[in-house]
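Thanks for coming. I will go through a handful of residues one at a time, and you can follow along on the screen.

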Amino acid sequence: MFDLRRFSPRQAEVLDVVEAVFLRDGISAVRIGELAAEASCSRSTLYELAPSKEGLLLLVLDRMMRRIMRRGAEAIEQAADPVDRLRAMMTSGALGLAALGPR
């Protein structure tokens, strides 16, 4: 599992771009150089975040899952009864995972 380090604002911005490119193009169609160009950073910046393109994917997926979990927890807190809490949790998770798509 990844360490729970905090990313600098710039690192978070780079990871946001990497996530968007992976969602748009899929992982197999993208090269590290293309990711660096889209994120306006060097390859070494990407390799500081993860040792490979697959490592970047795992890091992006980890961030996505944590975001989904946070949204689910927030939705549960806002629901009044147990059925609504379950519905809120499942809906939040399904919507978050829908962004992954077939690529």
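I'll start with Phe7, which counts as partly exposed at 24% relative accessibility. Keep in mind throughout that this is a predicted model. Phe7 sits in the segment before α1, the helix that covers 9-25. Which residues does Phe7 contact, once its neighbours within four places in sequence are left aside? They are Ala12, Leu15, Leu49 and Leu59. Take Leu49 from that list: 42 residues separate Phe7 and Leu49 along the chain, and their C-alpha atoms are separated by 9.1 Å.

Next, Arg63. This residue belongs to helix α4, residues 53-78. Is Arg63 buried or exposed? Its relative accessibility is 17%, and the limit for buried is under 20%, so Arg63 counts as buried. Not counting residues up to four places away in sequence, Arg63 touches Ala12, Leu15, Asp16 and Glu19. Ala12 and Leu15 have come up already, as contacts of Phe7.

Now Ile32, in helix α2, which runs over residues 32-39. Ile32 is buried as well, with a relative accessible area of 10%. What does Ile32 touch, again not counting residues up to four places away in sequence? The answer is Arg43, Leu46, Tyr47, Ser52, Lys53 and Leu56. For Leu46, there is a distance to quote: Ile32 and Leu46 are 14 residues apart in sequence, and from C-alpha to C-alpha they are 7.8 Å apart in space.

Ser40 has a relative accessible area of 60%, and exposed means over 50%, so Ser40 is exposed.

Last item, the surface. Which residues make the nonpolar surface patch of about 300 Å²? Leu86, Met89 and Met90 make it. With a relative accessible area of 45%, Leu86 is partly exposed.

To recap the accessibility calls: Ile32 is buried, and Arg63 counts as buried. Phe7 counts as partly exposed, Leu86 is partly exposed, and Ser40 is exposed. That is what I have for today.

Conventions:
Residues are numbered from 1 along each chain as its sequence is written. This is a predicted model: local features need pLDDT of at least 70, side-chain atom pairs count only at pLDDT 80 or more; totals for chains, interfaces and linings use all residues. Side-chain values use heavy atoms; hydrogens and water are left out. Helices (H or I, at least four residues) and strands (E, at least two) are DSSP runs, numbered from the N terminus. Buried means under 20% relative accessible area, exposed over 50%, partly exposed in between (1.4 Å probe, protein chains only). Contact means heavy atoms within 4.5 Å. Patches are made of residues with over 30% relative accessible area and no salt bridge: like charges are joined within 9 Å, nonpolar side chains (Val, Leu, Ile, Met, Phe, Trp, Tyr) within 5 Å. Accessible areas come from the Shrake-Rupley method with a 1.4 Å probe; for residues, only the protein chains shown count as cover. A salt bridge is a side-chain nitrogen of Lys or Arg within 4 Å of a carboxyl oxygen of Asp or Glu.
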